[in-house]
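Here is a brief report on salt bridges. Please look over the sequence and the model first.

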Amino acid sequence: MGRRRRTRPFAALAAAAAAVLLVAVSCCAPFAAAAPKPKHARISGNAGDVLEDDPVGRLKVYVYEMPKKYNLNLLAKDNRCLSHMFAAEIFMHQFLLTSPVRTLDPEEADWFYTPAYATCDLTPQGFPLPFRAPRIMRSAVHYVATTWPYWNRTDGADHFFLAPHDFGACFHYQEERAIERGILPVLRRATLVQTFGQRNHVCLQEGSITIPPYANPHKMQAHLINPATPRSIFVYFRGLFYDMGNDPEGGYYARGARAAVWENFKDNPLFDISTEHPATYYEDMQRAIFCLCPLGWAPWSPRLVEAVVFGCIPVIIADDIVLPFSDAIPWEQISVFVAEADVPLLDSILASIPLDDVLRKQRLLANPAMKQAVLFHQPARPGDAFHQILNGLARKLPHPKGVFLKPGDKVLDWNQGLDSDLMPW
């Protein structure tokens, strides 16, 4: 933030940006049904498999029948859970109940799923209560372990859990507290399907599947504009630059990256940035070439999904982020990565990207399969985020021999964890 900004002369930056602004780019109907694709649908070049194989026939999932207090009662108590960015845990449950991968015979299951809505007990402001989530999940696991025999065969190693929280299964929105708690001990052999992903972080468990946050597909569809509209905004961002409520000194939030964006570019005409969230937010993203996706308290946010859906090249500012479905979505080819320390150079970095590279990223973003892969559609669609989760689980099969314990063996310590998390729910 106190670092001096080194940049090219403004005239050169403006000229480079103007060259890009001449290009009118189509949004390419992000919600239109894609034409039939071969079983192995591939993005051209080495962009990777976005759709991969159809997961049906590659795995079977047994869905535990849980008491309603773990899911439906929580939802009935506060239906805001259906629209917040953690809603994947609810929609994944609904999806699996009617999915062809579901089996009613637990003896033939590859994976076991516990539908517990740990982020659905909310504060009046709509945030998950951090002291409730771990108790809900721990109670749900205890119920599963004492009601069926399958958990005890593996201590949960053939079970997966949705944990779409700020810091995943550490279940807290403040990083310090999340690190103090660590991953809930009873989940440490399970596969975690979570929004949080950051390399070398105590809240990212090896083998986890990182997923996108929930962004309402129907809401975004309602804001589509004419796909022939030129992209006349060079860089776009709406959101907090400082979080004075949680960071009174204003320098720790987002490790200073957002503050650096504001301090360096608030008066730059190439940057359309503000804390205001206009009614035209989605329309504006469709008029922009680059959309900033900086870290906040956690490295991820729904902006990444919105940028992909609206064909705006994501500018990812979050060191060591682990991106959703990174083994299926070619993030390196559709995004721009800027180190947090290099934020003061954002203007020159973006303006110096060759036009051919910009067009190539836009063409990849225009692929309907790319957009589909980051959305939790209702009803589900082939290749959407639900299917990407199943593909991720299928890639982990067959389970290694060490997953299954000898009779009587135990790995997990049920008495481990913070005293507050061990309280009954």
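## A pair within one helix

Asp357 and Arg360 sit three residues apart in helix H13 (residues 355-365), so about one helical turn separates them. Their side chains meet in a salt bridge, at 2.7 Å from N to O. The model is a predicted one.

Asp357 is partly exposed, at 27% relative accessibility. Arg360 is also partly exposed, with a relative accessible area of 40%.

Arg255 forms a salt bridge with Glu340. The closest N and O atoms are 2.6 Å apart. Arg255 lies in the loop between strand S6 (233-238) and helix H8 (257-265). Glu340 lies in the loop between strand S10 (336-337) and helix H12 (346-351). The pair therefore ties together parts that are 85 residues apart in sequence.

Glu340 is buried, with a relative accessible area of 12%.

## Arg80 and Asp78

Arg80 forms a salt bridge with Asp78. Here the closest N and O atoms are 2.7 Å apart. Arg80 counts as partly exposed, at 31% relative accessibility. Asp78 has a relative accessible area of 14%, which is under the 20% limit, so Asp78 is buried.

## A network and the total

Which residues are linked in a network of salt bridges? Lys77, Asp121 and Arg132 are.

How many salt bridges does a search of the whole structure find? The search finds 13. Among them are Asp357 with Arg360, Arg255 with Glu340 and Arg80 with Asp78.

Notes. Residues numbered from 1 in each chain as written. Predicted model: local features only at pLDDT ≥ 70, side-chain atom pairs only at ≥ 80, totals over all residues. Heavy atoms only, no water. Salt bridge = Lys/Arg side-chain N within 4 Å of Asp/Glu carboxyl O. Buried < 20%, exposed > 50% of the residue type's maximum accessible area, 1.4 Å probe, protein only. Helix = DSSP H or I, 4+ residues; strand = E, 2+ residues; numbered from the N terminus.
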